[in-house]
Amino acid sequence: MSGHRLAVTGWGVLSGAGEGIESLVEHVGADRTGSSAGGPRDVGKMFGEPLPTDRAHALPDFDVRSHLGRKGTSNYDRTTALAVVASGEALREAGESASPDRVGVVVGTTLGSFRAAGEFSRETLIRDRPHHVAPGRIPSSVMNGAAGQTAIRYGLHGVNATIAGGAIGFFGALRYAATVLRRGYVDTIVAGAVEELSPHRMWQGALSRARRTPTIG
């Protein structure tokens, strides 16, 4: 089984470079040649609240409803929306015809939607007793929410997993996908990684870097 070759049959990419694999390839190529194309964008108006920096690699014009419509997307957090849309693009490009029972999903991430988890935790503290929270927030507050919603959206009943791999989550997801394919658990798997841009993640990143910087005084 270990000698079986694997093939990538479809791509779905949403990144700070734009939508589609072509935008990402162009951005990477521009960076290698020293071009300023595709650099950080102004995100100060995206959230309407203070940020540690007003520029970041972002996809500010992304709107899940323009891709999937309103039905079933009202409770999607940004992480879930990005994962579901990109997975759908990959499935369409692949022209997948395997039985849904034999198609799996594996998503690499740091901790899922930091914003959704943070807002859900906040509601449990500020709501009137017995701390009622909006039930629609629950799926997004857990790390495997994006992978689960992807499977639900496209009716995929194979292996469903989330790899908490941090900055190398994408490679962890690919390795996991290769393992389940070679062992015959599924015939096809949607594999990738997702991270959202949110004030919560921006502040977490800025504060983490500050703690790692030695101070001389």
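Q: Which residues are buried in H8?
A: Gly169, Ala173, Ala177, Ala178 and Val180 are buried in H8. Bear in mind that this is a predicted model.

Q: What do the buried residues of H8 pack against?
A: They pack against three strands: S5 (103-109), S6 (160-164) and S7 (188-193).

Q: How many residues does H8 have, and what is its reach from first C-alpha to last?
A: H8 runs over residues 169-182, which is 14 residues. The reach is 20 Å, close to the 20 Å expected at 1.5 Å a residue.

Q: What comes just after H8?
A: Gly184 is there, with a positive phi of about 80 degrees.

Q: Is Phe171 buried or exposed?
A: Phe171 is exposed, at 56% relative accessible area. Phe170 is partly exposed, at 35%.

Q: Changing topic: how many cavities of 30 Å³ or more are there?
A: There is one cavity of 30 Å³ or more. The largest cavity has a volume of about 40 Å³.

Q: Which helices each supply at least two residues of the lining of the largest cavity?
A: Helix H4 (78-94) and helix H7 (145-154) do. The lining includes Asp77, Thr79, Thr80, Gly145 and Ala146.

Q: And by class, what is in the lining of the largest cavity?
A: Three nonpolar, six polar and one charged residues.

Notes:
Residues numbered from 1 in each chain as written. Predicted model: local features only at pLDDT ≥ 70, side-chain atom pairs only at ≥ 80, totals over all residues. Heavy atoms only, no water. Buried < 20%, exposed > 50% of the residue type's maximum accessible area, 1.4 Å probe, protein only. Helix = DSSP H or I, 4+ residues; strand = E, 2+ residues; numbered from the N terminus. Expected span 1.5 Å × (residues − 1). Contact = heavy atoms within 4.5 Å. 1 Å grid on protein atoms, 1.4 Å probe; cavity = no way out; pocket = protein on both sides within 12 Å on 5 of 7 lines; lining within 4 Å. Points joined across faces, edges and corners; volume = space filled by probe spheres on them. Nonpolar A, V, L, I, M, F, W, Y, C, P; charged D, E, K, R; others polar.
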